[in-house]
Amino acid sequence: MALVPGHFHMVTNLCGRRENWRLRLKLVRVWNMSTVAKPNDPFATQMVFIDEEGGRIEATVPKQHMQRFSNSVVEGEVYLVTNFTLNRNSGKFRACGHEYKMVFHGGTRVVRYERISIPLPGFAF
């Protein structure tokens, strides 16, 4: 699927067969993950994003990239997200029902996008 400049992929279209996704997403929630043994030493940051069609997806930021992303994103803001990896969303705790989750790495770009407002839909259980 070719993408016209200025257009974005929707969360429902994400699959593991491709790598050059371009998403416009609102950050719904962000939190750090830690163990009981080391509650003040998080091993990852988790995020939940939503697109303008209401599609939700989880993102994981491994410890080595937490400083870069955790300090540059704000809940409720809209971002252009590119150059990430998709992994199966198969853990015991899943914040979203999407088959995949995004994993941010050193080359991932998360840039604030101020030209649109994405409303938050109601709860999805």
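Predicted model: local features only at pLDDT ≥ 70, side-chain atom pairs only at ≥ 80, totals over all residues.
Trainee: Good. Which residues is S34 in contact with, leaving aside its neighbours within four places in sequence?

Mentor: Those are P39, D41, P42 and F43. S34 itself sits in the loop between β1 and β2. Helices here are DSSP runs of H or I with at least four residues, strands are runs of E with at least two, and both are numbered from the N terminus.

Trainee: Is S34 buried, exposed or partly exposed?

Mentor: Start with the cut-offs: buried is under 20% relative accessible area, exposed is over 50%, and partly exposed is in between, using a 1.4 Å probe and protein chains only. S34 has 34% relative accessibility, so it counts as partly exposed. Its C-alpha lies 13 Å from that of V61, a residue 27 places away in sequence.

Trainee: And P42, what does it touch?

Mentor: Skipping residues up to four places away in sequence, P42 touches N32, M33, S34, K63 and M66. P42 is in the loop between β1 (22-33) and β2, and it counts as buried because its relative accessibility is 18%.

Trainee: Let's zoom out. How many helices and strands does the protein chain have?

Mentor: There is 1 helix, along with 7 strands. Their order along the sequence is β-β-β-α-β-β-β-β.

Trainee: How do I read the radius of gyration of the protein chain?

Mentor: Take it over C-alpha atoms and hold it against the globule rule, 2.2 Å times the number of residues to the power 0.38. For 125 residues a compact globule would come out near 14 Å, and the protein chain has 14 Å, so the two agree. The C-alpha trace spans about 50 × 30 × 30 Å along its principal axes. As for burial, 40% of the 125 residues count as buried. Of the contacts between residues at least 6 apart in sequence, 58% join residues at least 24 apart.

Trainee: Now the rings. How do you describe an aromatic pair?

Mentor: A pair of aromatic rings is described by the distance of the centres and the angle of the planes. The rule used here takes rings of Phe, Tyr and Trp (its six-membered ring) and pairs them if their centres lie within 6.5 Å; planes under 30 degrees apart are stacked, over 60 edge-to-face, and the rest tilted.

Trainee: How many aromatic pairs does the count come to?

Mentor: By that rule, 3 aromatic pairs. One of them is F49 with F104: the centres are 6.4 Å apart and the planes at 40°, so the pair is tilted. It links distant parts of the chain, with F49 in strand β2 (residues 44-50) and F104 in the loop between β6 (100-103) and β7 (109-112), 55 residues apart. F49 is buried because its relative accessibility is 0%, and F104 is buried with a relative accessible area of 1%. F69 and F104 form a tilted pair too, at 5.1 Å centre to centre and 55° between the planes. Since F69 lies in helix α1 (residues 66-70) and F104 in the loop between β6 and β7, this pair ties together parts 35 residues apart in sequence. Ring pairs link F49, F69 and F104 into a cluster.

Trainee: Where is H65 found, and is it buried or exposed?

Mentor: H65 is in the loop between β3 (56-62) and α1. It is buried, with a relative accessible area of 19%. Beyond its neighbours within four places in sequence, H65 is in contact with F104, H105 and G106.

Trainee: Where is Y79?

Mentor: Y79 is in strand β4, and it counts as buried because its relative accessibility is 2%. Apart from neighbours within four places in sequence, its contacts include L23, F49, V74 and V111.

Trainee: Last one: how should I read a positive phi?

Mentor: Most residues other than glycine have a negative phi. N83 has a phi near 60°, a positive value in a residue other than glycine. N83 is in the loop between β4 (78-82) and β5 (85-88), and at 39% relative accessibility it counts as partly exposed.

Notes
Residues numbered from 1 in each chain as written. Heavy atoms only, no water. Contact = heavy atoms within 4.5 Å.
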